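Please keep the model in view while reading.

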Protein chains: 2
Amino acid sequence: MDTTQRTDRQRSADRRRRELLEAADRVVLRDGPQASMNAIAAEAGITKPILYRHFGDKGGLYAALAQRHTDALLDSLRAALDAPADRRERVESTLDTYLAAIEARPQVYRFLMHPAEGGQGSDQGFDVGKHSAPLLRRMGEELAQVIEERLDLGPGSRQLARVWGHGIVGMMHAAGDWWLGERPCSRSELVRGLTELLWGGLAAVDDKTDSPGF
Amino acid sequence: MDTTQRTDRQRSADRRRRELLEAADRVVLRDGPQASMNAIAAEAGITKPILYRHFGDKGGLYAALAQRHTDALLDSLRAALDAPADRRERVESTLDTYLAAIEARPQVYRFLMHPAEGGQGSDQGFDVGKHSAPLLRRMGEELAQVIEERLDLGPGSRQLARVWGHGIVGMMHAAGDWWLGERPCSRSELVRGLTELLWGGLAAVDDKTDSPGF
DNA sequence: ACCGGCTGTTACTTGCGGTAACCGTACTGT
DNA sequence: ACAGTACGGTTACCGCAAGTAACAGCCGGT
C-alpha cells in the first residue's frame with residue numbers, strides 16, 4: 001500500500017536531513033566542535049526538538065556530520081593511493097592530499113578529531129577502547145587493506161598490515177596536527193620529511209660523530 | 001618581612017594542592033575524564049569553590065593533573081631512550097615502555113589524550129592550533145631533541161628532527177590506541193611491527209606478484 | 001579588643017543537552 | 001463537507017555541570 005507516499009515522505013525527510021546537516025556544517029565550521037544544538041537549530045531556522053527527532057542526540061548529529069566529511073576525505077585519499085605511480089610517489093601524494101585537506105579546513109578537521117566526548121546527561125559507561133576519532137580508525141583500516149592487498153608481507157601479513165596502517169596514519173595525523181599549529185615549514189617539506197622517515201630514514205642515517213658507534 | 005610565614009603558608013597550600021590532586025586523580029581514574037568538579041571536591045572531602053581557588057577552572061585542574069602524569073611518563077621514556085644500547089634496541093624499548101604504560105593505566109592514558117575540551121561557560125575563542133593533547137606535543141618535542149642531538153641529519157636537521165619526532169610519536173600513539181581498543185596481538189608483536197616499519201619496512205618489501213612492478 | 005587574611009561553606013546564576021506537551025495544517029477516508 | 005490523523009513545528013520545562021557571589025569561622029599581629 002501507498003509505497004509511493006512513503007517514498008515521498010522518505011525523500012522529503014532525507015532532503016530535510018541534508019539541509020539540517022548543511023546548517024550544522026556551517027555552524028561547526030564557524031564555532032568549532034563546541035557548537036551548541038541551539039545554535040545549529042537557529043542556523044537551520046528551526047528549533048532544537050526537530051534536530052533531536054532527526055538525529056536522536058548530539059552524538060547522532062555529530063556522527064552523521066562526521067561521516068560526510070570522513071567519506072569525502074577518504075575518497076580523495078583513495079584516489080591518491082590508487083594513482084598509477086610508483087609506491088613512493090603514491091605515499092607522497094597521499095600525505096600531501098591529507099595535509100592539504102586539513103590545511104584547507106582546519107575547523108572541520110578539528111571537529112572530526114574530537115567528536116562526541118562525554119555526554120553528561122545519560123550514559124555513564126566510559127568504555128575504554130573506541131576513544132579515538134573514528135576518522136583515524138577508518139583511515140587506518142583503509143590503509144591497512146591497501147597495504148595488505150598490494151604488498152607482500154609474508155606470514156602474518158594481516159596483522160602486520162594493520163599495525164603499519166594505523167601507525168602510518170597516526171604519524172600523518174600527529175605530524176599534521178603539529179604542523180598545522182606551528183607552521184614550521186612548508187607542506188612539501190613536511191611531506192618529504194615524513195616520506196623519508198617512512199623510507200627507513202631512522203635506519204639509514206649515521207650517529208653524530210661524537211656519539212658511540214651504534 | 002615575615003618570609004618565614006609566607007613560606008609556611010606556601011608549604012601548607014602546596015600540601016593541600018597535592019592532596020587535592022591526589023583526590024582528583026582517584027576520581028578521574030574511576031570516572032574517566034568527564035569527572036565533575038563536584039565529584040572531585042566530594043572525594044577530597046571539600047566543596048567546589050576551594051578547587052576553583054586552587055586551580056582557577058577545570059582546565060587548570062586538568063592541566064595540573066595532566067602534567068604530573070606526563071612528567072612521570074616522560075621520565076620513563078627518557079630512561080628507555082637513553083639506555084646504553086644500540087639504536088634499534090632503544091627504539092623498541094621506548095615503544096614498549098610507552099605501550100606498557102598505556103596498557104597498565106588506560107584511564108589515565110585516555111584522560112591525558114582528551115584533556116580540556118570545550119568549556120561552555122566563558123571562553124568562545126576556539127583557537128585553531130594547540131588542539132591535540134599536550135602530552136603528544138611534549139613527547140614529540142622531546143623525541144625531536146634526542147634525534148637531533150644524536151643523529152647526523154645534515155642541513156636543516158632541526159626541522160627534520162622535529163618532523164620525525166612528532167611523526168614517530170604519532171605513529172606510536174595511534175597504533176597504541178588502536179591496539180588498546182582491539183587487542184589484535186601481543187605487545188611485543190606490535191613493537192616489532194612498528195620497529196620494522198620505522199626501519200624502512202615500506203621501502204624494503206616487494207609488491208605482490210600480481211601487481212605491476214613498482 | 002579589633003582587623004586582615006585564610007579556609008571553608010551555602011546558595012545562586014548561566015548555559016547546555018534533552019524531553020514533554022501542545023499547536024496548526026494538510027492530506028486522508030467516508 | 002467533515003472528522004481523524006500524521007507530521008513539522010513550537011514553547012516551556014527538567015536535570016546537571018561550570019563557575020561565582022556572599023557570607024561564616026579561625027588565626028596571628030598590633
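In this predicted model, the contact between the two chains takes 61 residues from chain B and 62 residues from chain A. On the side of chain B that touches chain A, at least two residues are supplied by each of α6 (106-113), α7 (134-150), β1 (151-152), α8 (157-182), α9 (187-204) and β2 (206-207). The largest share, 18 residues, comes from α8(B). Sorted by class, this side of chain B has 28 nonpolar, 19 polar and 14 charged residues.

Chain B is superposed on chain A by a rotation of 180° with 0.0 Å of shift along its axis, and the RMSD is 0.1 Å. The two copies are therefore related as by a two-fold rotation axis. Within chain B, the C-alpha of B:Gly200 is the nearest to this axis, at 1.7 Å. Of the interface residues of chain B, 100% are also interface residues in chain A, so the copies meet through the same surface.

What lies in the interior? In soluble globular proteins, nonpolar side chains tend to be buried together. Here the largest nonpolar core has 100 residues, and those with the most contacts inside it are A:Ala175, A:Leu194, B:Ala175 and B:Leu194. The surroundings of B:Ala175 draw on both chains: neighbours within four places in sequence aside, B:Ala175 is in contact with A:Val163, A:His166, A:Gly167 and A:Gly170 from chain A, and with B:Leu190 and B:Leu194 from chain B.

Attention now turns to the DNA. There are 20 residues around DNA strand C, of which A:Ser36, A:Asp57, A:Lys58, B:Thr47 and B:Pro49 come nearest. The largest share, four residues, belongs to α1(B). By class, the surface near DNA strand C is made up of seven nonpolar, seven polar and six charged residues.

A database record may be set beside this picture. An unreviewed UniProt entry carries the annotation "DNA-binding region" for residues 36-55 of chain A. In the model, that span is 75% helix and 0% strand, and its end C-alpha atoms lie 14 Å apart.

Note on methods
Residues are numbered from 1 along each chain as its sequence is written. Chains are lettered from A and ligands numbered from 1 in the order in which they are written. This is a predicted model: local features need pLDDT of at least 70, side-chain atom pairs count only at pLDDT 80 or more; totals for chains, interfaces and linings use all residues. A nonpolar core is a set of buried Ala, Val, Leu, Ile, Met, Phe, Trp, Tyr and Cys residues joined through C-beta atoms within 7 Å. A residue is buried if 20 or more other C-beta atoms lie within 10 Å of its own, exposed if 12 or fewer, and partly exposed in between; C-beta atoms are placed from the backbone. Two residues are in contact if their C-beta atoms, placed from the backbone, lie within 7 Å. Copies are superposed by least squares on the C-alpha atoms of residues with pLDDT of at least 70 in both. A residue is near a molecule or strand if its C-beta atom, placed from the backbone, lies within 6 Å of it. Ala, Val, Leu, Ile, Met, Phe, Trp, Tyr, Cys and Pro count as nonpolar, Asp, Glu, Lys and Arg as charged, and the others, Gly among them, as polar. UniProt positions are given in the numbering used here, feature names are shortened, and annotations may be inferred rather than shown by experiment.
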